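Subject: Structure for you to look at

Hello,

Here is the structure I promised to pass on. Please open it first, then read my notes below.

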Amino acid sequence: MGREARERRFRRWGHQPGWVLPRAIFATLAFFPKAPQKRPKADFVTFSKANLGGSIIRHLRDANRPFTNAEFAGSEISIESQSMWTDRRLLDLFGIAHPIVQAPMAGAMDTALAVGVARAGGLASLPGGMLSHEQLRDQTEKFRAEAPGKPLNLNFFTHKPPVHNNARANAWHNKLVPYYEEFGLDSNVQVPTRNRAAFDGTMCTVVEQLKPEIVSFHYGLPEATLVKRVKDAGCKIIASATTSDEARFLEDNGCHAVIAQGVEAGGHRGMFLSNEITTQLGTFALVPQIADAIELPVIASGGIGDARGVAAALLLGAAAVQIGTAYLFCPEAKITSPHRTALKSGGATVLTNVLTGRLARGFVNRIIRELGPISDTVPDFPLASAALAPLHEKAQAGGSGDFSAMWAGEAAPLGIEMPAFELTQALAEGAQDLLRKTGKN
Ligand SMILES: Cc1cc2nc3c(=O)[nH]c(=O)nc-3n(C[C@H](O)[C@H](O)[C@H](O)COP(=O)(O)O)c2cc1C
């Protein structure tokens, strides 16, 4: 995206002219402070000369060179803008500067993205749903080494074990046979898939050892004894709700905050009290309903693609936002090239169950068009993805995402490619500007 287009985008998010830095470097330093005299003292990010890293100074000289997270390594950035937010419940609970939670995205990210967000003052998350214990330990250690002192959210799935049903597995297999034949694949050969394991006692022991500041759950909560163990380890617990009933359940069963996941959201629906698709509401309707239904702070999630979405969510009653798809645009996201291409080309997304056996939102591709988007013969989550794995591998090798899960939310067309540090700062600054205009901040 060119400088002018990018500047236009930021203006739409609420930024105004009058930056302290020369216009020539506006595009690459959009998260830098405005002129101090135009804003109250505690309202801008301060960079003292002493703590500006050499690479940042080089960057100031060379406006066209993109700014990377690595350049922040070792440099201390004092963030005063955190005092701007009027609702401090989640800032204080999590120990963060901005009410922005980077969504955990299993299979799409690792520490690189999380570190950028943490350094910018948001809450970093690492998805544990598809990681072994060792991988989770390694990533946590790496995060802590690269973002010392920053809080971390470790995220887990809590789905019920799948019910193996041979009749359904065979029926699904038969639907896939023509595709296997088209690619010259033996439909009886299984390809190992990355496991989506539900949170259990052994993973809980790992959590007790790692002691992340926050643990988040998707698809409901684990059994009460595990919830207690996580709390006793000193972790705050948050979890996704897609209805007011689910939010009340989470409040009654030990959560410290509730993520209200609207139907616009990319990835799997966190629904757990019902499988009924008609219960699923958009973020605009869901957030105020959940905010009214419970006492706990609410984290709005789904379809929040820029600073306008952040500000709107806070006005709807959320105390913070959780953002996934917008972070997929960051160079640090670990996604396949067909997925990145789909993000950039702004394709349509749809709710589908044919890729994993569970409702999720992603880009429409061939398998969704031809067998879905919703099928009642698909095997239980996560078995359906194993059946598709050989086709996914083969198509990906040819550069195609025809049989792959390319999760993304409805706000994908709003995405801007920039490092996670910049994105987090731009979202926070833009939302603060918008809220100031409404007199709500
Ligand atoms: C690629 C992708 C992977 C995701 N994986 C997870 C996950 O592992 N755990 C989880 O709790 N949520 C996951 N989500 C859902 C997010 O937590 C969040 O609800 C969603 O991204 C918010 O909507 P948005 O994508 O419109 O910002 C995923 C979302 C995406 C886009």
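The shell around the ligand holds 12 nonpolar residues, 14 polar residues and one charged residue. In total, 27 residues surround the ligand. The closest are A106, G266, G267, G324 and G409. Keep in mind that this is a predicted model.

Strand 4 pairs with strand 5 (residues 152–157) in the parallel sense, over four bridges. There, A124 stands opposite L152 in strand 5.

Now a helix pair. Two packed helices are described by the angle between their axes and the distance between the axes. For helix 4 (residues 111–120) and helix 5 (residues 133–146), the angle is about 35 degrees and the axes are 10 Å apart. The crossing is right-handed. From helix 4, T111, A114 and V115 take part in the contact. They meet Q139, K142, F143 and E146 in helix 5. These contact residues divide into three nonpolar, two polar and two charged.

Some backbone details deserve a look too. The peptide bond from G372 to P373 is cis, with omega near 10 degrees. A cis peptide bond also joins F381 and P382, where omega is about -5 degrees. P373 is in the loop between helix 14 (366–371) and helix 15 (383–397). P382 lies in the loop between helix 14 and helix 15 as well.

Finally, two residues other than glycine have a positive phi. For K211, phi is near 50 degrees. K211 sits in the loop between helix 7 (201–210) and strand 6 (214–218). For Y219, phi is near 85 degrees. Y219 is in the loop between strand 6 and helix 8 (224–232).

Are these two residues buried or exposed? K211 is partly exposed, because 14 other C-beta atoms lie within 10 Å. Y219 has 22 other C-beta atoms within 10 Å, so Y219 is buried. The cut-off for buried is 20 or more.

Best wishes

Definitions and conventions: Residues numbered from 1 in each chain as written. Predicted model: local features only at pLDDT ≥ 70, side-chain atom pairs only at ≥ 80, totals over all residues. Near = placed C-beta within 6 Å. Nonpolar A, V, L, I, M, F, W, Y, C, P; charged D, E, K, R; others polar. Pairing = 2+ DSSP bridges. Axes fitted to C-alpha atoms, helices over the stretch in contact; angles between N-to-C directions. Left-handed = near helix turned anticlockwise from the far one by under 90°. Contact = placed C-beta atoms within 7 Å. Buried ≥ 20, exposed ≤ 12 C-beta atoms within 10 Å, placed from the backbone.
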